Amino acid sequence: MDKNYLPFHSNPSTPTFKPPTGAVDAHCHVFGPAKVFPYHPARKYTPCDASKDQLFALRDQLGFQRNVIVQASCHGTDNSALIDALKAASINARGVAVVSGDITTDELYQMHLSGVRAVRFNFVKRLVDTTPKEVFLAIAEKIKVFGWHIVVYFEAPDLAELIPFLKELNTIIVVDHMGRPDVSKGVEHEDFQRFIQLMQDNENIWTKVSCPERLTQHAPDYSDVVPFAKTLVERFHARVLWGTDWPHPNMKSHVPDDGHLVDIIPQIATTIELQQALLVDNPNRLYWSE
Ligand code: 0GY
């Protein structure tokens with residue numbers, strides 16, 4: 001583990017908010033354990049190990065039924081830890097893999113059988129070296145036959161430049177962490193309005209209303225992030241997902257209490273119907289329809 005790396009919360013609270021039956025944590029990771037699943041040589045950070053068993057225990061404690069486990073950059077394109085967790089969880093987990101341009105159809109098929117349903121394209125420069133757009137487009141072509149979608153991770157200043165590329169991907173696109181807005185600018189700022197307009201204009205674009213802990217300057221109540229998430233849930237209730245982001249890699253400011261993150265949900269999805277869509281119907285439709 002890197003010096004100064006903050007490990008995940010060792011004793012998260014049990015939330016007061018009870019998620020509806022069938023709720024999905026649609027953004028979380030497994031890290032290592034490094035002895036079994038070494039981190040990638042070209043990684044930009046070395047995290048604290050965070051095993052599948054710890055993830056499943058947290059899922060149960062938080063009152064969730066299912067996980068969507070996202071391959072993180074520290075494991076590069078070696079999806080072994082992810083696949084191992086998917087196999088262990090069986091029907092209760094689906095995966096988002098990171099693959100290279102030379103991935104074969106047979107390799108993708110094997111991943112599909114293990115529960116992978118999407119690939120992730122990461123544009124965050126502190127996490128990954130740049131991948132040429134042609135490589136991403138080739139991957140997008142290869143996954144089509146499996147009906148997978150694409151998860152994209154970028155930061156708000158990069159959105160304007162990425163829009164033409166996103167429009168070339170004619171599958172469902174899920175944008176991580178609301179496109180990482182600078183919440184100090186407010187919901188009405190042109191950067192966030194650009195993101196809203198993108199979702200408005202493109203019905204294939206979904207987003208995760210996740211990561212208040214990364215976006216906030218007001219931990220731990222996250223009151224500065226709530227209006228962003230609430231706006232997206234209310235405008236696009238059929239295209240939003242929620243996730244813990246456990247084990248919260250690269251946090252610098254504080255270590256979030258996962259139970260507390262769950263207790264924020266009723267502030268961003270303020271009715272039973274919106275909670276059902278956000279936590280159950282949307283993720284199950286996207287990841288478990290077959
Ligand atoms: C997240 C956020 C981060 C890390 C990664 O792939 C990754 O390593 O996504 C981050 O550092 O912002 O979604 O886990």
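**Entry 1: Pro15**

I looked up the exposure of Pro15 and found this residue buried, with a relative accessible area of 4% (buried is under 20%, exposed over 50%, partly exposed in between, with a 1.4 Å probe and protein chains only). I note that the model is predicted, that local features need pLDDT of at least 70 and side-chain atom pairs pLDDT 80 or more, whereas totals for chains, interfaces and linings use all residues. Residues are numbered from 1 along each chain as its sequence is written, and side-chain values use heavy atoms, with hydrogens and water left out.

I placed Pro15 in the segment before β1 (24-28); strands (E, at least two residues) and helices (H or I, at least four) are DSSP runs, numbered from the N terminus. Leaving aside neighbours within four places in sequence, I listed Gln61, Leu62, Gly259, Val262 and Asp263 as being in contact with Pro15, where contact means heavy atoms within 4.5 Å. I also recorded that Pro15 and Ile264 lie 249 residues apart in sequence but 9.5 Å apart in space, C-alpha to C-alpha.

**Entry 2: α8 and α9**

Ile264 also belongs to the contact of two helices: Val226, Ala229, Lys230 and Val233 in α8 meet Ile264, Gln267 and Ile268 in α9. By class, I read five nonpolar, one polar and one charged residues in this contact (Ala, Val, Leu, Ile, Met, Phe, Trp, Tyr, Cys and Pro count as nonpolar, Asp, Glu, Lys and Arg as charged, the others, Gly among them, as polar).

The axes of α8 (residues 226-235) and α9 (residues 258-268) come within 9 Å and cross at roughly 55°; axes are lines fitted to C-alpha atoms over the stretch in contact, with angles from 0 to 180 degrees between N-to-C directions. The two helices are therefore oblique to each other (under 35 degrees is roughly parallel, over 145 roughly antiparallel, 65 to 115 roughly perpendicular, the rest oblique).

**Entry 3: α4 and α5**

I found the axes of α4 (residues 133-143) and α5 (residues 159-168) within 11 Å, crossing at roughly 25°. That makes α4 roughly parallel to α5. Lys133, Phe136 and Leu137 of α4 make the contact with Glu161, Leu162, Phe165 and Glu168 of α5. I classed the residues as four nonpolar, no polar and three charged.

**Entry 4: Cysteines**

I searched for disulfides (cysteine sulfur atoms within 2.5 Å) and found zero. For Cys74, the nearest cysteine sulfur is that of Cys48, 11 Å away. Cys74 is buried, at 0% relative accessible area. For Cys211, the nearest cysteine sulfur is that of Cys28, 12 Å away. Cys211 is buried, at 1%.
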